[in-house]
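Okay, thanks for coming, everyone. I've got one structure to walk through today, so let me put it up on the screen.

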Amino acid sequence: MCRPSLARLVARDALGWEEPVGDDGAHRAAAMAWLARAQDVSGCDGLSAGYSYKRGWLPPYPETTGYAIPTFLAWARAMGSDEAAERAARMGNWLIQVQLPEGGVPGGMGVSGEPVVFNTGQVLFGWLALHQHTGRQAFIDAARRAGDWLVSCQDGAGAWTRHVYRGVPHAYHTRVSWALLELASRTGHAPYREAAARQVEGVLSTARSNGWVDDMAFDPNEAAFTHTVAYTYRGLLEAAAHLGDAPYGDLGRRARGVARRFATRVLRRFELSKSHPEGLPRYLPATVDEAWRGPDRYSCLTGNAQIALIWLRLYESGGDGRLLNAALKAVDQIKARQARATGNADVRGAVPGSYPLWGYYLRLAFPNWAAKFFADALALQGRIMAGLEGA
Amino acid sequence: MSGSARGADVPANSPVPVALTTGARVNPLAALLIWRLREAGHRPVAVLSTAPASGLARLAKARSMGWAAVQRRLARRGLPTGPRASGDATAPIDEYARQRGYPSPWQPLPAIAREAGVAVLRVGDLNGAAASEAVRRRAVRVVVNAGGGLFRRGLLEAVPGGILNAHMGPLPRFRGMNALEWSLLEGAPPTVSLHLVAAGIDTGDVIAREPIPRREGDGIAALRARYVAVAVELVAAHLGAVAAGTAARQAQRRGDGRQYFAMHPRLAQVVEARLGGASAVG
């Protein structure tokens, strides 16, 4: 625990100083290099869940390995890197190895867990991306097995109540629905789409006028982290693009509307959080309540990256520059917390779970999903800005 | 248009006792307003200043802004900004002052005010009791915003003719911060909107709009400088009618526009590039 790099990061956060904020490419390259290291140290081809100053490198994590695959493939395309694509393929093959006979993917870190709905849905993203990239049948076959299992364990009302984290249904299963809709588009198999539409309808039935939906937290008795809140709305937003046509009526429009209300409310909270008109916005709180308020004195950086992604996706489709503007600021904040100027290779390029580092969300740890969503946000932001700068 | 009876007891052509606000020790807008309003026959009587008066006050401001904001501001200050496309970006302000026969508006505002017989009142907060009491005691009819912070109930209720703000963007479409930059980014012509301050951000009744003239090679800084002359002339032209309650007023509806926030430097660079000017983002 007593390490110079930790002492430096703690001092940095305690004093409120920032790492130098550089260009998107440099930060993305650092994040991807660290993610590659997370694969190299895992002892398999999966991604270590991350690095912790308390526990060292963590075991491989199937769920987040799955959704990191599209991130590696995007990096491979951006850099013309066969190595990144080959890493992604190894992750996909490893996930096929750990897929359980019924089609689900083990929950939690390591590979010995029971199948879990959310985790399985996230792995679908990886297999679908690899199928598109390589054309290999094994990936779509694995995806179909997973999709069939997801449909089979959904209840009649459209919720997933079995094989779920802490035994309760979650609104953030919208990301499972999004994955099923992608699978339906690829395979033409209608039951995947129908299952997803039922779940999205169920989530929207709890929506309030300010965009809040219920059951976004890991546990009903806990506040919702921005991480799972952003999961929920990203799922709604992306699902909406698949649900615009008959027979789903206005389901897609409603899902998009709720995601947009979330995005604009949180944007306003963020932009107005300055303590001085000439200051910068404060970091978003780690958790939020149904009025989009957060009591926390720390921030969940992966949630911030995910929210920036939602702002960027909405900007792409609607052109409201305020969304892009807020995303640029939120991404700058994460850039300022990415551990780049350190001699410790275990954390160089990583993004902490919390700011400050000792915040409650993954205290003193660097989860792979924080780096993944940060890299995704940088990629999308870079593409959008290149379009604007070249216009 | 909607009218108001707030100033109906004041003839439109009588001198208006007016106060200005400032958040900086050097403030060419406030300086030019003092001279121009006097020339128009009005009576600037006070400057309400929230400018930090000491090193300690500046430290307190830095603390309030957050160290990260200060760190970035200092870092930007060290960056080369390149040659300015239209010469000195402040030239339009100097040119306006010269045309009107005024001295340099870049002198410290307290000295300019003293010279003009205008009291400078240091107030920690424009909305505090001290500011309200000061304008009441001096029978100030209208306050003109030249910086210093947001206005809330305290001062709004203390000024019978209202608070005038020359907003750097076309209202109601572009409310909030960096309205000039946002309007340029979205393809709207650079405009000054003179309006009465209300409880919301830039939501009060609009009195007049005037385009900001553009010259070849103008970047953001040059347009901001050109704004100053347009703003001063708009205030001078409409102050009497506003104080008398006879100014034509266009009410804003909430849905007519959007509130914008401080523009990220990368978007400001996009605006600069589109203008063809040099990078002057800060």
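**Two chains, a few close-ups**

Let's start with chain B: take the contacts between residues at least 6 apart in sequence, and 76% of them join residues at least 24 apart. Contact here is two C-beta atoms, placed from the backbone, within 7 Å.

Before I go on, this is a predicted model, where local features need pLDDT of at least 70, side-chain atom pairs count only at pLDDT 80 or more, and totals for chains, interfaces and linings use all residues. Residues are numbered from 1 along each chain as its sequence is written, with chains lettered from A and ligands numbered from 1 in the order in which they are written.

Chain B has 10 helices and 9 strands; those are DSSP runs, H or I of at least four residues for helices and E of at least two for strands, numbered from the N terminus. Of its 282 residues, 46% count as buried. Buried is 20 or more other C-beta atoms within 10 Å of the residue's own, exposed is 12 or fewer, and partly exposed is in between, again with C-beta atoms placed from the backbone.

Staying in chain B, have a look at H1(B), residues 28-39, against H9(B), residues 220-244: they pack at about 35°, axes 10 Å apart. The axes are lines fitted to C-alpha atoms over the stretch in contact, and angles run from 0 to 180 degrees between N-to-C directions. Who makes the contact? From H1(B) you have B:Pro28, B:Leu29, B:Leu32, B:Leu33, B:Arg36 and B:Leu37, and from H9(B) it's B:Val228, B:Ala231, B:Val232, B:Val235, B:Ala236 and B:Leu239.

Over to chain A and helix H7(A), residues 174-187. It has 14 residues and spans 20 Å from first C-alpha to last, close to the 20 Å expected, taking 1.5 Å times one less than the number of residues. Why call it largely enclosed by the rest of the structure? Because 11 of those 14 residues are buried, including A:Trp178 and A:Glu182. The buried ones pack against H5, H6, H8 and H9 of chain A.

Last stop, an open sheet of 3 strands in chain A, order S2-S1-S7, with antiparallel pairing. Pairing needs at least two DSSP bridges between the strands. S2(A) and S7(A) are the edge strands, each pairing on one side only. S1(A) is joined to S7(A) by 3 bridges, and A:Gly50 has A:Pro367 as its bridge partner.
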